[in-house]
Amino acid sequence: PLVRLYKSYLNLGIGNYFTPFGELSIATERSKTGMLAFYARHFSSNGTLKLENLEKVYAGYMDNEAVMYGKKFFRNSILSGSVGFSHLMRHAYGYDTLIAWSPEKEDIRLAFMNAGADASFSSLRSDSGLLVYDFSAGYNMFRQSADLWQHTVSFDADAGKSIRALGPSKAARRAGVSDFYGRLRAAYDLSLFNAAITDRPRHIITINPSLSKRSNEWSFRLGAAAVTESRYFTGTMGDEYGTRFHVYPDIDFSLSVIPSFLVFNLGLEGGLEDNSAPEMVQINPFLVTDGSLFTLPYTDKQIVASAGFSGGSIPSTSYRITGSYSVFREMPFLSNNIWSDLVVNEGVGNHFIPVVSDGNLANVNGEVTTVITRTISATARADYYHYSLTGIDHPYNKPSWEGSVKVKYNLRDKILAGATLNAIGQRKALVTMLPLAGPPVTTRTIDLPAHVSLNLTGEYRYTKILSFWVKMNNISFNRYYEWAFYPSQRFLFMAGFSYSL
């Protein structure tokens, strides 16, 4: 029998630093014709933190989110759509304590708003001999202030079909060899900005055809992506509006050396990474409020080559080891910004400016998941990074390594517990001092030490509809600085309950 679905779900909690949390989900029950649902979430904190000079500053933040979405089922297709809104607020509390500064809470407040809608029409056919498709369109409005906003319109198309004319012989088909599968993906993104940011829009057009084939022991995909970008480019004579054309490989090969135990994979691809304002705010919302957040260049990942192994050593253990090497242009890094004249509001290192560099990156990643007993499972993951950059000395705010170990405990779905040990390596941070009168510009580098922290969670399911939970995050021996001058909250304890109707 199918597991019973409940129409609504409520999750409430509160923690130190006066940290309230709330989550509400309302949805229709199972239906053959469609579904409609609503989801809302609130998470905020209102505490203060001590800086290097032991001065307490307000470091509150808030995230609000609400979305309504639905689906309509047809015989061979599905129509879906959503309308959403999100609001994010941060306070730029971190600054260089060598400089005396006592701002008001309103002076360092940053607020961002996202609102949008999307719709898609896709096939439900499971026969690859028929046309399989997915067409979608979306709109998003992102706003930082009355003079800093952007509108984004996007269209995506994805269609594919087996090519029976190039099908395998009967003997090969018995060995699991499939027909060739042809696929075409296309996308168009248009970004429009307020005139205070730029007077021209940004365009990205992508066309990605590919041809793939597989058997029980191997699979491959051969394709290429053609991408056109139109925007302002930095030139010798200043910023000039223009268009660039890129061609990226889209190649993947997989071979089952020992079925289920050892699978070898090779990949060769590339792409254009849109460092859009909504995405950068999730990484660092403290960029200077002069419009730089909206005009970051796209990162041109000219080529990304990867190779790796994956599989399972025993039935309850799986592993994955991957190495990759990428060559890129115009990757943005961030530097704390200090003006020589402190009359300027953003003048003591609490805001950031983008620093762009070309270069390459070598990355080695490993992950192991295992079931220790019926009730205990564990996952370990580690990454090593090595940057070679042409424009700057260090990959600022990027660690050379990071890793985590997660252990989960589940006793008959009644008592659940978890522990996560996170570690991040030493990083370099850049501080740029900009005089208002012009050059010279001076810089200095700050070391951010390695950090290890522990997170603990526990949940007791009193009934199928009522449970109680606790969370303890950031248990550590030293302070963690996510950015230079920005200490994070230390020990955070939260408790709450969830209830289904």
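Predicted model: local features only at pLDDT ≥ 70, side-chain atom pairs only at ≥ 80, totals over all residues.
Which residue in β19 is the bridge partner of Val364? Local features require pLDDT of at least 70 and side-chain atom pairs pLDDT 80 or more, whereas totals for chains, interfaces and linings use all residues. Residues are numbered from 1 along each chain as its sequence is written, and side-chain values use heavy atoms, with hydrogens and water left out.

View 1. Tyr384 in β19 is the bridge partner of Val364. Strands (DSSP E runs of at least two residues, numbered, like the helices, from the N terminus) are taken to pair if DSSP finds at least two bridges between them. β18 and β19 (residues 376–389) run antiparallel and are joined by 13 bridges. The two strands form a hairpin with 4 residues between them.

**View 2. Pairing of β17 with β18.** These strands pair in the antiparallel sense over 20 bridges. Thr369 of β18 is the bridge partner of Ser318.

**View 3. The largest nonpolar core.** A nonpolar core is a set of buried (under 20% relative accessible area, 1.4 Å probe, protein chains only) Ala, Val, Leu, Ile, Met, Phe, Trp, Tyr and Cys residues joined through side-chain atoms within 4.5 Å. The largest has 37 residues, and those with the most contacts inside it include Tyr93, Phe112 and Tyr486. Among the elements that each supply at least two of its residues are β8 (109–123), β17 (317–339) and β18 (348–371). The largest share, 3 residues, comes from α2, a helix (DSSP H or I run of at least four residues).

**View 4. Surroundings of Tyr486.** Not counting residues up to four places away in sequence, Tyr486 touches residues including His91, Tyr93, Phe286, Phe352 and Tyr481 (contact: heavy atoms within 4.5 Å).

Definitions and conventions
Buried < 20%, exposed > 50% of the residue type's maximum accessible area, 1.4 Å probe, protein only.
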